[in-house]
Amino acid sequence: MGDKKDVWQGTLALMVLKTLEALGPLHGYGIARRIEQTSGDLLSVNYGTLYPALLKLEQEGYIASEWGVSDNNRKAKYYKLTRAGRKQLEREARDWQQTTAILARFLSGKEPAS
Amino acid sequence: MSWLRATFVRFRSLFRKRQLDRELNAELTGHLELHIADNLRAGMTPEAARRDALLKLGGFEQTKENYRDHRGIAWLEALLRDLRFALRILRKSPGFCVVAVLALALGIGFSSVVFSIFYNGILHPFTYRDPDRLASPIIFDTRDGDRPFRGAFQLDEVVAFRNQNHTLEDVSALTGWDALYARRGATEQIHGCVVTPNAIDFWGVRPLLGRGFLDHDTQPGADPVILLGYVYWQKEFQGNKSVIGSTMIIDNRAHTIVGVMPRRFYLWGADFYKPISWTRPEPAIRDAMANNEPYFFFVTGRAKKDISAETVGADLKAVAETLVLLHKENYPEKFRFGMRPFLEGIIGDLRRTLYLLLASVGLLLFISSSNVASLLLVHTSGRAKEIALRTALGASRARLIRQLLLESFILGAVGCLAGIFVAYWGVEVAKTLGTALQTPGEADLSLNWHIVLFAIGISFLTTLLFGLSPALFAVKKDLRVNLQGASVNESSSQRGGKIRAGLVVGQVALSMLLLVFAGLVVRSFIAVTRFDPGFSTKNVFIARIQFPGHQYDSVESKHAFVEQSLTRLSAVPGIENAAVAFSTPLDGSPSSDDVTIPGKPHDKAWMTAFEGCSEGYFRTVGLRLLRGRLLSPSDVASGRRVAVVNRTLVDKYFPDQDPIGHQIKFNVFDRVPLAPHDAYFEIVGVVSDFSNSGSLSEPILPEAFFPYTFASFGGRSLIVRTSNDPGFFADTIRRVLNEVDPNPILSHSSTLDVYLHEHDYLRPRFRLISFGTCAAIGLTLALIGLFGVMSYSVALQTQEFGVRMALGAHSGDILMLVLRKGLWLVGSGILLGLLASFFSVRILQSQLWGVSAFDVGAFVLAPLALLAAGLLACYLPARRATRVDPMIALRYE
């Protein structure tokens, strides 16, 4: 359970960072909807898990938050990417691509070119 | 670094909980509103929209809970919560807390004091550089056997050792130098120490004020300089810093004070230190003595790293081979060099006392922690319902144990703090014991971080010890019983009762052991103070006479002064007798050596003490003549070679013979330059024995007394027996001597009783104080434990007593019932303790004198005292039991 959850947390964090990079400052609900749209059913059961992930990213200094007003005139907390967050996103994305590339090669059963 | 930042943020969020909660609430509410608005737009009914939004969020409260877990530091928050709870619980029973903290503080405090004496006084007393590599050479005579020959060397030997060795980093030497200090018209004797110029560097201690010795200080023609010792500086100059640069007239020469050594530089406990040139021309011993110039030196060498004492000894022996030619009379035919470690020489056998004391302190800690354990057991038993309720509500076992342990650790921490205070105070008391401790003068007993660390460490251990078992026990209990039972009664906590009883029995047993130890030490102290040294020590004034060397350089001149002084003293009303001898009776350093008695060859050395004295010595000290005659005035006047011997000498060397008329020779005189060589003394009389080995606890040595005029060496001590308190006569005696000649002065004046208190009674008194304190604390703790447990069991039995009284029991019956139970606890504790004592007192034997380790007094008195105190501790709760009102007690049923 724990491992799977960690992977999920890591993935979620990466998705949050990518969303904020693509769309600019956004509130929690917006991020949730966006991730739901792009990832299909992944988040649809539980938007609530997003908030601890946002909290963790903020604690680590990758995103920052401030209170603002939403399109339909409601008070909402907006998250935006910090400079550290941008770097973290690059790093994570690269790692992720490498990992997936290795996994893809591995799962496809081809020997790596040596 | 992001984790560091995160931790920091999380930590900070612990303190802004309320605000963060508000924000989270607002954020999630906003989230829901946005979602609901979207759903409405998608055409849902308001209810469906709201339900869907909540469902997708995964529950409002659940999300908040999940979020909160990530916000702060979960375990820290839980800990803080537990801590607050524990504090609240403890605040509710202040009596219990005070007693527990007190018990801990006493145990921890006293053991820290003992550890401080052990650590600072024995393990690390010195601030000198690499003290473990320092050792002093001693020449051993290996001609027949292996006997110490001498440990003192002339300066040219020291220089040879220093320059020609291959195993030592450096060599330094020093010797005592008692000199006359003239100030404001009065002359007094002060105790100096003459050191080689490298002493300050060698010992590695910088002066506190001023400078060390410089090269030119010891050049020919240089003005003499000295460094002051700290204690003397404080005493004589009140710690005045302007003393640097001023001069002191010592032995008629002006010496400039160039510095003050720190307190922990205490070599020979000297008042001052004076450098001596490495290249001083070696004086003849006769001249050196006449001019009070240092002649023999005590050498200390610092071995190079990883060089053994044997290697150094062999190395020095090789150097010494070249010296034998120059100092023929100072080397035996066959010899070797032994190295006496510096640390061993100074620390002595306080070590063994302290080991035993540490063991006792360990027992004390056991008592104090089991005491707190039994208090905690009582405390947690009272909370059985609360714990059962919490378990029923879902608190895990680990959680409850953690909670209970936390309470113990709070007690432990407070106890530790209080213990450190007790230790601080105790160390101050220990410092005032000063000489009684017989730790080196360099030692600083103050609390340092080692001691504090020790206190914290043992607090932690004892806390684990006393906290864990009650916690485990309390949690293990059957849930049902405690939830059902309206009140806790004796049957429901029977197992707890057994553990408590066991703990109390253990405490009583251990304090029994400590009491037996203390009893033995007390008996030993009494035996020492009551010991008959062979004569009455009451009303005896003693002092040393210091002759200025240049004026009194012959036997005759000293004798003339002594003769006149003794005659005049005898005429003073109240003075019964007066005499002069080399040393005072009971003095710590008897001179003894092998003797030669014609017709009595022997393989082993016959170690025999000798004393030079005037004819009045025997009457003054109070020795009875058993055979022959005493020394006569004409013997003394002419320095005739006759000897009076003590009874032990006769018993040992002349078991069934009349010793009168036999000759005896002290071989040591052949080696002392100023003594008559090959001198045989004729035995003329036998006197009764008295304690002469320097310590009351040592067996009496064979001894011979000669006219003190037979040689010019040796000190001259004055012994005066007075009709009442000798203190009143000190001034008179001084004045009488002054009238004869003002130049010789009296030093070390005292009385024999005071001397005994300062020397022979010291060690026993230290043991008395330390073991006594230990036992007293142990006893107190055991009684507190007993009292607590008895009180609790009486409280549990209130109903039962009520029923009994309602059925017609008298209050006397109830009293007996409770007392019987208490007696059973105390009795089994005492029996166990006696058994333990019986098997362990043997290790105390070395600390005892005059009593057997199985002393009946100690083994009878200690249990009786414990029994009496134990009954008292039971009586108070028992009386409370008799006051139970049957109606009130039964109403609770």
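Predicted model: local features only at pLDDT ≥ 70, side-chain atom pairs only at ≥ 80, totals over all residues.
Student: Let's start with chain A. In what order do its elements run from the N terminus on?

Tutor: Chain A has four helices and three strands. Buried residues make up 40% of its 114 residues. From the N terminus on, the order of the elements is α-β-α-α-β-β-α.

Student: What share of the contacts in chain A with a separation of 6 or more comes from residues 24 or more positions apart?

Tutor: Contact here means heavy atoms within 4.5 Å. Among the chain A contacts with a separation of 6 or more, the share from residues 24 or more positions apart is 44%.

Student: Is Arg91(A) buried, partly exposed or exposed?

Tutor: Arg91(A) sits in helix H4 of chain A, residues 83-108. Buried would need under 20% relative accessible area and exposed over 50%. The relative accessible area of Arg91(A) is 39%, so the label is partly exposed.

Student: And how far apart in space are Arg91(A) and Gly48(A)?

Tutor: In sequence, Arg91(A) and Gly48(A) are 43 residues apart. In space, going C-alpha to C-alpha, the distance is 26 Å.

Student: Over to chain B. How do H2(B) and H3(B) sit relative to each other: parallel, antiparallel, perpendicular or oblique?

Tutor: H2(B) covers residues 17-41 and H3(B) residues 46-57, and they pack at about 130° with their axes 9 Å apart. Roughly antiparallel would take an angle over 145 degrees, and roughly perpendicular runs from 65 to 115. That angle therefore makes H2(B) and H3(B) oblique.

Student: Which hand does that crossing have, and how do the residues of the contact divide by class?

Tutor: H2(B) passes H3(B) in a right-handed crossing. The H2(B) side includes Leu28(B), His31(B) and Leu32(B), and the H3(B) side includes Pro46(B), Ala49(B) and Arg50(B). By class, the contact of H2(B) with H3(B) comes to nine nonpolar, three polar and three charged.

Student: Next, H6(B). How many of its residues are buried?

Tutor: H6(B) takes in residues 94-123, 30 residues in total, and reaches 40 Å from first C-alpha to last, close to the 44 Å expected. H6(B) is largely enclosed by the rest of the structure, because the buried count is 23 of the 30.

Student: How are H25(B) and H28(B) oriented to each other, parallel or antiparallel?

Tutor: H25(B) is residues 762-796 and H28(B) is residues 856-882; their axes come within 9 Å and cross at roughly 25°. The cut-off for roughly parallel is under 35 degrees. H25(B) and H28(B) are therefore roughly parallel.

Student: What is the class make-up of that contact?

Tutor: The crossing of H25(B) past H28(B) is right-handed. Leu779(B), Leu783(B) and Phe787(B) are among the H25(B) residues involved, and Leu866(B), Ala869(B) and Gly870(B) are among those of H28(B). The contact of H25(B) with H28(B) has 13 nonpolar, two polar and one charged.

Student: H27(B) meets H28(B) too. How do those two run, parallel or antiparallel?

Tutor: The axes of H27(B), residues 811-840, and H28(B) come within 8 Å and cross at roughly 150°. With the cut-off at over 145 degrees, this angle makes H27(B) and H28(B) roughly antiparallel.

Student: And how do the residues of that contact divide by class?

Tutor: H27(B) passes H28(B) in a right-handed crossing. Among the residues making the contact are Ile814(B), Leu815(B) and Val818(B) of H27(B), with Phe859(B), Pro863(B) and Leu866(B) of H28(B). The contact of H27(B) with H28(B) divides into 18 nonpolar, five polar and one charged.

Student: Now Glu407(B): which residues is it in contact with, leaving aside neighbours within four places in sequence?

Tutor: Glu407(B) lies in helix H15 of chain B, residues 397-433. Its relative accessibility is 1%, so it counts as buried. With those sequence neighbours set aside, the contacts of Glu407(B) are Ala86(B), Ile89(B), Leu90(B), His379(B) and Arg383(B).

Student: Last, the backbone. What is phi of Trp268(B)?

Tutor: Trp268(B) is in the loop between strands S9 and S10 of chain B, and it is partly exposed at 48% relative accessible area. Most residues other than glycine have a negative phi. Trp268(B) is not a glycine, yet its phi is positive, near 60°.

Student: And is Asp306(B) buried or exposed?

Tutor: Asp306(B) also has a positive phi, about 60°, although it is not a glycine. The loop between strand S11 and helix H11 of chain B holds Asp306(B). Its relative accessible area is 80%, so Asp306(B) is exposed.

How values were computed: Residues numbered from 1 in each chain as written. Chains lettered and ligands numbered in written order. Heavy atoms only, no water. Axes fitted to C-alpha atoms, helices over the stretch in contact; angles between N-to-C directions. Left-handed = near helix turned anticlockwise from the far one by under 90°. Nonpolar A, V, L, I, M, F, W, Y, C, P; charged D, E, K, R; others polar. Expected span 1.5 Å × (residues − 1). Buried < 20%, exposed > 50% of the residue type's maximum accessible area, 1.4 Å probe, protein only.
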